[in-house]
Amino acid sequence: PTIQFQVAPLTQARVFVIDRLIVVSINNQTPQTVAPIDSYLWVEYQKGYIKYGDFDHDKVQELALLTSISYGATNPCYHIYHYSMREQRYLPSGEPIRCNL
């Protein structure tokens, strides 16, 4: 599956999976790897594996990748990736995982 969204004004992202890697193309440039997929979580929770949103309220869309899920599949938790305008790519946020986005 391919997910497309506006990161910020004049900046479009296309997120997809190639060879078990999450990759992002910004404004149709060469795709860059963000992270490897977790094969088990991808198979079981593909629909909710990749999310995006302005999670830190800075008017730039962050990328969230599923990293774990609680017993009973009630609390999905995500690693957050912030978009770097300078590098024009998504980078790990360095913050702890976030659940229930």
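This section describes the strand pairing, helix, core, disulfide and selected residues of a predicted model.

Strands β1 and β2 run antiparallel and are joined by five bridges. Within this pair, Ile3 has Val15 of β2 as its bridge partner. The two strands form a hairpin with two residues between them, and Leu10 in the turn has a positive phi of about 65 degrees.

Strand β7 takes part in several pairings. With β6 it pairs in the antiparallel sense over six bridges, and Leu63 stands opposite Tyr81 of β7. The β6 and β7 strands form a hairpin in which six residues lie between them; Gly72, in the turn, has a positive phi of about 90 degrees. Pairing of β7 with strand β8 (residues 89-92) is likewise in the antiparallel sense, over four bridges, with Tyr83 opposite Tyr90 of β8. A hairpin is formed by β7 and β8 as well, with four residues between them and a positive phi of about 55 degrees at Gln88 in the turn. Finally, β7 is joined to β9 by two bridges, and these strands run antiparallel. Seven of the nine residues of β7 are buried, so this strand is largely enclosed by the rest of the structure.

Cys77 stands opposite Cys99 of β9, and the two residues form a disulfide with their sulfur atoms 1.9 Å apart. This link connects distant parts of the chain, with Cys77 in strand β7 and Cys99 in strand β9 (residues 98-99), 22 residues apart. The count of disulfides in the model comes to one. The angle about the S-S bond is 95 degrees, and the link of Cys77 and Cys99 is right-handed. The two partners fall into separate accessibility classes: Cys77 is buried, with a relative accessible area of 8%, whereas Cys99 is partly exposed, at 38%.

Helix α1 (residues 39-49) has Leu41, Trp42 and Tyr49 as its buried residues. Seen down the axis of α1, these buried residues fall within an arc of 90 degrees, so they line one face of the helix. On the other side of α1, Val43 and Lys47 are exposed. The elements that cover the buried residues of the helix include β2 (11-18), β3, β4 (32-36), β5 (50-53), β6 (62-69) and β7 (76-84). At the N-terminal end, α1 is capped by Asp38, a side-chain oxygen of which lies 3.1 Å from the backbone nitrogen of Tyr40.

The largest nonpolar core of the model contains 26 residues, and those with the most contacts inside it are Val7, Val34, Leu63 and Tyr90. At least two residues of this core are supplied by each of β1 (3-8), β2, β3, β4, α1, β6 and β7. Apart from its neighbours within four places in sequence, Val34 is in contact with Ile22, Val23, Val24, Leu63, Leu65, Tyr81 and Tyr90. Two of these contacts of Val34, Leu63 and Tyr90, are also listed among the core residues with the most contacts.

Ser25 lies in strand β3 (residues 21-26) and is buried, with a relative accessible area of 1%. A polar atom of the Ser25 side chain lies 2.6 Å from the backbone oxygen of Gln29. Leaving aside neighbours within four places in sequence, Ser25 is in contact with Gln12, Ala13, Arg14, Phe16 and Pro31.

Met85, by contrast, is found in the loop between β7 and β8. Its relative accessibility is 47%, and Met85 therefore counts as partly exposed. Residues up to four places away in sequence not being counted, Met85 touches Ala8 and Val60. Met85 and Val7 are 78 residues apart along the chain, and their C-alpha atoms are separated by 10.0 Å. Val7 is also one of the residues with the most contacts inside the largest nonpolar core.

Methods: Residues are numbered from 1 along each chain as its sequence is written. This is a predicted model: local features need pLDDT of at least 70, side-chain atom pairs count only at pLDDT 80 or more; totals for chains, interfaces and linings use all residues. Side-chain values use heavy atoms; hydrogens and water are left out. Buried means under 20% relative accessible area, exposed over 50%, partly exposed in between (1.4 Å probe, protein chains only). A polar contact is a pair of N or O atoms within 3.5 Å; within protein, one must be able to donate a hydrogen and the other to accept it, and residues adjacent in sequence count only if both atoms are side-chain atoms. Contact means heavy atoms within 4.5 Å. The arc is that of the directions from the helix axis to the C-beta atoms. A nonpolar core is a set of buried Ala, Val, Leu, Ile, Met, Phe, Trp, Tyr and Cys residues joined through side-chain atoms within 4.5 Å. A disulfide is a pair of cysteine sulfur atoms within 2.5 Å. Two strands pair if DSSP finds at least two bridges between them.
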